[in-house]
Amino acid sequence: MELIVPCHFGLEAVLKREIMDLGYEIIKTEDGRITFLGDEDAVCRGNIFLRSAERVLIKIGSFRAETFEELFQGTKALAWEEFIPKDGKFWVTKAASVKSKLFSPSDIQSIMKKAMVERLKEHYGISWFEESGDHFPIRVFLYKDEVTVGLDTTGDSLHKRGYRKLTAKAPIAENLAAALIMLTPWKKDRILVDPFCGSGTFPIEAALMAANIAPGMNREFRSFDWQHIIPRKLWYSCLDEARENVDKNIETDIQGYDIDPQMVKIARENAALAGVEDLIHFQARPLDQLSHSKKYGFIITNPPYGERLEEKKNLKQLYETLGERYNRLDSWSMYLITSYEDAQKDIGRQADKNRKLYNGMLKTYFYQYMGPKPPRKEST
């Protein structure tokens with residue numbers, strides 16, 4: 001099967017590497033999504049193991065459509081009966097259109113639903129669908145009049161790991177946090193500090209990586225009940241593989257600070273739900289007390305952007321303090337995501353690299369201040 005995996009714009013390279021590390025062949029890389037070849041087992045493994053993905057779609061097909069009639073006929077020509085049983089509940093949950101003549105999501109959704117009904121009526125020989133069985137949500141992308149149709153195996157987005165019951169005012173999505181960590185050279189034996197930890201997402205995602213805990217181990221997926229497509233034993237086999245990979249017998253130095261003691265309490269609770277509370281030290285600490293006695297650590301953080309009015313007046317001071325505290329950390333690296341335009345100026349130096357990313361609809365930059373590499377450890 002061709003499997004389509006959407007991700008955050010600008011982070012395709014991270015997801016591509018993850019998919020290749022799982023052993024699958026990439027066949028297409030586009031803005032915000034990767035397509036790879038895989039079997040039913042790959043659907044399970046993709047959902048359970050991919051940290052930077054948003055969901056896993058089975059590609060049903062693709063065709064050109066410049067008119068609604070072409071959209072109807074193209075949709076009707078797809079082999080829906082191979083996926084949707086007679087009692088299945090099916091609908092187009094999302095339609096996205098870029099540079100295409102057809103651009104109204106609601107019209108695209110309703111026409112495609114009608115075409116699917118017509119196809120399945122002919123196949124099953126019935127005129128009415130009760131839709132009382134399992135759910136089969138469809139997602140469609142139109143790009144330059146090319147229609148790509150996918151069946152969503154995931155359900156709730158993969159950023160919902162299941163551990164974040166409580167959040168900060170402006171939390172970073174778990175899959176975005178994981179992808180940003182993977183863009184850095186941080187490894188589990190290195191120090192990581194997030195001075196704006198909020199509900200704990202960066203430290204928790206780092207700890208999950210350090211302990212090799214698969215991000216989808218403790219949640220449900222839409223396709224778990226599709227036993228005519230994915231045998232239940234494949235899910236159990238993948239979960240066994242994930243459990244065997246876990247290694248909590250490790251030493252870490254992962255720390256999360258926040259000025260708000262209530263947020264620190266929430267972060268601790270979230271870390272406990274993720275099973276990594278013993279790998280992270282959370283503490284209520286203001287930014288101007290950021291310090292660490294050791295060298296070669298990493299700051300990886302999502303500071304306030306000034307999107308809310310009460311933050312705006314303090315923003316310059318906050319980034320100046322961040323720059324000043326960072327300068328006192330010997331041989332450290334710093335990575336931060338923000339939409340604040342004057343971040344580099346107020347920090348007091350240009351980043352070695354920056355990468356434009358979209359956090360939801362918000363254009364942000366991932367500023368990368370790279371410290372020196374630590375000396376190689378002597379092998380004994």
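This is a predicted model: local features need pLDDT of at least 70, side-chain atom pairs count only at pLDDT 80 or more; totals for chains, interfaces and linings use all residues.
Two packed helices are described by the angle between their axes and the distance between the axes. Helix 3, spanning residues 68-76, packs against helix 4, residues 105-124, at an angle of about 40° and with the axes 8 Å apart. The two helices are therefore oblique to each other, and the crossing of helix 3 and helix 4 is right-handed. On the side of helix 3, the contact involves Phe68, Leu71, Phe72, Thr75 and Lys76. These residues meet Asp107, Ile108, Ile111, Met112, Lys114, Ala115, Met116, Glu118, Arg119 and Glu122 of helix 4. By class, the contact of helix 3 with helix 4 comprises eight nonpolar residues, one polar residue and six charged residues.

In a second pair, helix 2 (residues 40-49) and helix 7 (residues 232-245) pack with their axes 9 Å apart, at an angle of about 40°. This angle makes helix 2 oblique to helix 7, and helix 2 passes helix 7 in a right-handed crossing. Helix 2 contributes Glu40, Asp41, Cys44, Arg45, Asn47, Ile48 and Phe49 to the contact, while helix 7 contributes Leu234, Trp235, Cys238, Leu239, Glu241, Ala242 and Asn245. The residues in the contact of helix 2 with helix 7 divide into eight nonpolar, two polar and four charged.

Glu174 lies in helix 5, which covers residues 174-182. The relative accessibility of Glu174 is 3%, so this residue counts as buried, the cut-off being under 20%. When residues up to four places away in sequence are not counted, Glu174 touches His159, Arg161, Tyr163, Arg164, Thr201 and Glu205.

Strands of a sheet pair through backbone hydrogen bonds, either parallel or antiparallel. The model contains an open sheet of seven strands with mixed pairing, in the order 10-9-8-11-12-14-13. Strand 10 (280-284) and strand 13 (353-359) are the edge strands, each pairing on one side only. From one strand to the next, the twist averages 20°. Strand 10 pairs with strand 9 (residues 253-258) in the parallel sense over five bridges, and Gly256 stands opposite Phe282 in strand 10. Helix 8, residues 261-274, packs on the sheet and touches both strand 9 and strand 10. The direction of helix 8 makes about 165° with that of strand 10.

How values were computed. Residues are numbered from 1 along each chain as its sequence is written. Side-chain values use heavy atoms; hydrogens and water are left out. Axes are lines fitted to C-alpha atoms, for helices over the stretch in contact, and angles run from 0 to 180 degrees between N-to-C directions. Helices (H or I, at least four residues) and strands (E, at least two) are DSSP runs, numbered from the N terminus. Angles under 35 degrees count as roughly parallel, over 145 as roughly antiparallel, 65 to 115 as roughly perpendicular and the rest as oblique. A crossing is left-handed if the near helix is turned anticlockwise from the far one by less than a right angle, and right-handed if clockwise. Contact means heavy atoms within 4.5 Å. Ala, Val, Leu, Ile, Met, Phe, Trp, Tyr, Cys and Pro count as nonpolar, Asp, Glu, Lys and Arg as charged, and the others, Gly among them, as polar. Buried means under 20% relative accessible area, exposed over 50%, partly exposed in between (1.4 Å probe, protein chains only). Two strands pair if DSSP finds at least two bridges between them.
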